[in-house]
Amino acid sequence: MIKQKVRVKTFQINGIDVTGRSDSTILEVAKEHDIHIPTLCYLEGLSCVGACRICLVEIKGSNKLIPACTGKIKEGMEVFTDTDRLHKHRKMILSMIFAERTHTCSVCVSNGHCELQDMSVELGMEHSQVPYLTNRFDIDASHERFVNDPNRCILCTRCVRVCDEVEGAHAWDLVDRGLDTRVIHDMDDPWVESESCTSCGKCVQVCPTGALSEKGVSATEMVKKKSLIVNLLEMRNRER
Amino acid sequence: MSAPTDARYKMVERTMKKLGYKRSALIESLHTAQETFGYLDKPALKFIAKRLRLPLAKVYGVATFYHYFRLKPKGEHNVVVCMGTACYIKGAKEILHRLEKRYGIGAGETTEDGKLSLLTARCVGSCSLAPIAICDNKPKGKLTVEDAVENIEKALS
Amino acid sequence: MITTLEELEEIANKKQCENNECREELRVCIGSSCLSLGAKEIEKDLKKSVKDRGIEHRCRVKGVGCNGLCAAGVLVSHYDNESGEEVLYEKITEEDTDKLAKAVESQKPLEEHRSDMSRGFFAKQKKIVLENAGYIDPDDIEDYIAHGGYRALFTTLNDATPMEVISQIKQSGLRGRGGGGYPTGLKWETVAKVDAEKKYIVCNGDEGDPGAFMDRAIMEADPHRVIEGMALAGYACGAAKGYIYVRAEYPTAVEKLNKAIKQANRLGILGNKIADSGFDFELEVRLGGGAFVCGEATALVTSIEGNRGNPRQKPPHLSDHGLWGEPTVLNNVETFANIVPILNNGAQWYRGFGTEKSPGTKVFALTGHIENTGLVEVPMGMKLSELIYDIGGGVSEGRNLKAIQTGGPSGGCIPADMLDLEVDYDSLKKVGSMMGSGGVIVTDDSSNMVEVARFFMEFCKSESCGKCVPCRVGTTEMTDILDKFINKEATKEDFELLKEMCEVVKESSLCGLGQTAPNPVLSTIKYFEEEYIKGIKDD
């Protein structure tokens, strides 16, 4: 492995001078300086995968768009997070997420507490720009406390990551690929039969939509504990 | 496939041993298992997961990502129709369509009696023989839409 | 075990003498294409016929790799070791084997199957990468050594520093043959300069473009050439371990490579302290599993590590963070196969072929509606017209040329009126296509270009790993929209949406698969817009 010394780097976001540790990402430095970049698959405390492409930013001098969550900072770089081009791309990408599966808010447990819904408000997207697709999946309600509705899943993989990285169970993973990709337990077994699941419920708390929810809540009632993971990690570090 | 006491598991074990039971041996082990058993069923996948100390979900995720792996048994006979570009522009789609009609199954399916599996490949790399189908591992090249079904039937008998 | 150049020469001499014991050779092409036409049986029958006629002392029958003219298989070449004369026979079937043996016995060529070797297909090619293909027995390391094999490795280990190797490769101007065209020397230099305990050399043999089979032919016909190139890369960059990632759909290539590695290990050409130097190099073959996306560098590496082949965001590039997180050089098969001739003959010699910015040759797989389907190697910068007509023999069945597709699902369609285009990395890019790995698919005037675009889009859809949204959803949406055009049900809004989606998917996808997926659509819109307009229904 190549070891690099940590230094401080200075660069610009939207014309504002900012500094950050050389190993930090654009998103981390932006947050430290109260510059908002929309994110969806990102969750503080988990590894970054750059999958949803909502946090794409522009870098001056490069035609490529870089996700802020994985993009490392560079001395003197000029980052733009709020351009017309980015707005257009983000809206189209969000349209695709909405069009991919069934996101009917009115009947969803997460209505009013949904990150996908919030994102459409933030980006000013009233309807999907692309035709709706028709993939339908079976709901898994076999667990006594939790429900998995793949039709509301946006494949952000937060559940997979939290289960592996924080709980250490790796009960979730992805099955198949492309449009057919789903998150599954073990060998695509019903949740209740999973040998690996500890029923800790972290996956439910980090899920941005109504795909994973608690049983017994009705529409609009599922409020998730967003800061759970950061708190958990902080407690762990303190004990050491 | 029977329980992991099956002697054939030794083949899979040998691959894992050769690669030092490292987690990275997963895909090679899946290849050996499929070669040995014809397909990958859950007991085989669980066996590999256990021996390589890998989460079940991870093994299942990998096995379903790569389309070379089959999780269901193949038919007694099988036909792989190449759908690569060269074959495609020379009528592979129509040939596949006729085969689907002839055997009453879609691509990727096996007939009810387990006699025949109809499969497709993204490109078998024999573009000079396009359009081509592989019948029970024997390539049948330069097919025409008209004689493909007949030729394939002959190759399978 | 051999440790010196002298011992290598000894093997070469011995094998050459052995080869010369027989004055003549019948070389049966056992490349995949001929193999599927029964080449193995023909080889067996020929051996028997030659023996029956009692001429086995003067004529040896051996299997060799692909000579390129796949359309005329099974190919058998009759070679005279003394005069160097060669007669090529095409379309040989099992019925012809005894006639062929008889022709050898009577020294009267079999005219009815004789191939005209002075024609453009052969005359206009320049074989560097494929120089051994069709001549040597890929199953026999000694035959490779007898043809000059492993000399480059041994002399380099004896006489040259790693930096001198890199300098030669840089001067040669060799660019990655996998499609992108990144300078190979620069790539090696970056990794060589990194201070790390472990480094890796990886060869991409996951040739996944539909319509491409160059790498397969190289691996099958001359596996040692790839191995030697990788070992030299290992020496240059300071890596002691390499992996060749090959499609599981290429069982023959896998078999040849494994056999070749075993033979090289046995002779001490791979392993510890190669050529009595301090250089160790070990090679392993890893099987792919039918996922086109694994041709992408980060996906390929994660697949070797035993994971789902999901790409990750770059940077970091593989040169910093590759296999197991270590600095890694990843080149494709053809790139590695270019290393040995460059080091044997020098960078200046290599620059004598091809163009200023794209030196050397390129192997192309000619397929589709073309007369001479097969594998050809030509200098970079050759005009498309020469490639299609002089070498390819023109469009089959006397039809007219419509377009030439290069670069597979990442490439584009070039219209027939651009035949003067000189084929190299930059010119293809300029017209909206790309070199890709070298598949050239000819379509005649019976083809519908929207359908061609749909074919590639559907391919990307089914090969999308599903990790990032634009590729996963975008390729599906675009396939659906293209269907509307094909069914003549599209609207003007659909056309606008299609163009917009092309832009978003191209610019916002995570990896090369998604970023280039719109190319076939974009290039067909550029050159064949009227076919899209025809798909728009009247208001």
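The side chains of A:Arg85 and C:Glu507 meet in a salt bridge, with 3.0 Å from N to O, where a salt bridge is a side-chain nitrogen of Lys or Arg within 4 Å of a carboxyl oxygen of Asp or Glu. The model is predicted, and local features need pLDDT of at least 70, side-chain atom pairs count only at pLDDT 80 or more, and totals for chains, interfaces and linings use all residues. Residues are numbered from 1 along each chain as its sequence is written, chains are lettered from A and ligands numbered from 1 in the order in which they are written, and side-chain values use heavy atoms, with hydrogens and water left out. Over all chains, the salt bridge rule gives a count of 60.

**Chain C against chain A**

- In this interface 37 residues of chain C are in contact with 36 residues of chain A, contact meaning heavy atoms within 4.5 Å.
- The area buried between chain C and chain A is about 3000 Å², of which carbon and sulfur atoms give 57%; buried area is the accessible area (1.4 Å probe) that two parts lose on being put together, summed over both.
- Of the area that chain C buries against chain A, C:Arg308, C:Arg472 and C:Glu507 supply 20%, more than any other three residues.
- Between chain C and chain A there are four salt bridges, and 16 residue pairs are in polar contact, both residues being at pLDDT 80 or more.
- A polar contact is a pair of N or O atoms within 3.5 Å; within protein, one must be able to donate a hydrogen and the other to accept it, and residues adjacent in sequence count only if both atoms are side-chain atoms.
- H18, helix H19 (469-486) and helix H20 (492-508) of chain C each supply at least two residues of the side that touches chain A; helices (H or I, at least four residues) and strands (E, at least two) are DSSP runs, numbered from the N terminus.
- The residues on that side of chain C divide into 14 nonpolar, 12 polar and 11 charged, with Ala, Val, Leu, Ile, Met, Phe, Trp, Tyr, Cys and Pro counted as nonpolar, Asp, Glu, Lys and Arg as charged, and the others, Gly among them, as polar.

**Chain C against chain B**

- The contact between these chains takes 53 residues from chain C and 32 residues from chain B, and the two chains bury about 3300 Å² between them, 56% of it on carbon and sulfur atoms.
- Zero salt bridges are counted between chain C and chain B, whereas 13 residue pairs across their interface are in polar contact, both at pLDDT 80 or more.
- Elements of chain C that each supply at least two residues of the side touching chain B include strand E7 (282-287), helix H13 (297-304) and strand E9 (361-368), while H18(C) gives the most to that side, with six residues.
- The side of chain C that touches chain B divides into 23 nonpolar, 19 polar and 11 charged residues.

**Domains 3 and 4 of chain C**

- The domain assignment of chain C gives domain 1 (18-123), domain 2 (148-350), domain 3 (361-444) and domain 4 (449-533), with bounds that come from an automatic or database domain assignment.
- The centres of domain 3 and domain 4 of chain C, taken over C-alpha atoms, are separated by 22 Å, and 16 residues of domain 3 are in contact with 15 residues of domain 4.
- These two domains of chain C bury about 1200 Å² between them, 66% of it on carbon and sulfur atoms, and in domain 3 the residues C:Lys402, C:Pro409 and C:Cys413 lose the most area to domain 4, together 45% of what that side buries.
- One salt bridge is counted between domain 3 and domain 4 of chain C, and C:Glu531 forms a salt bridge with C:Lys402, the closest N and O atoms being 2.6 Å apart.
- Five residue pairs are in polar contact between domain 3 and domain 4 of chain C, both residues at pLDDT 80 or more.

**Local features**

- In chain B an open sheet of five strands has the order E2-E3-E1-E4-E5, with mixed pairing, and two strands pair if DSSP finds at least two bridges between them.
- Strand E2 (109-110) and strand E5 (138-140) of chain B stand at the edges, each with a single partner strand, so one side of each is left without a neighbour in the sheet.
- Strand E1 (residues 77-82) and strand E4 (residues 133-135) of chain B run antiparallel and are joined by three bridges, and B:Val80 has B:Ile134 as its bridge partner in E4(B).
- C:Lys40 forms a salt bridge with C:Glu43, the closest N and O atoms being 3.3 Å apart; being three residues apart in helix H3 (residues 39-52) of chain C, C:Lys40 and C:Glu43 are separated by about one helical turn.
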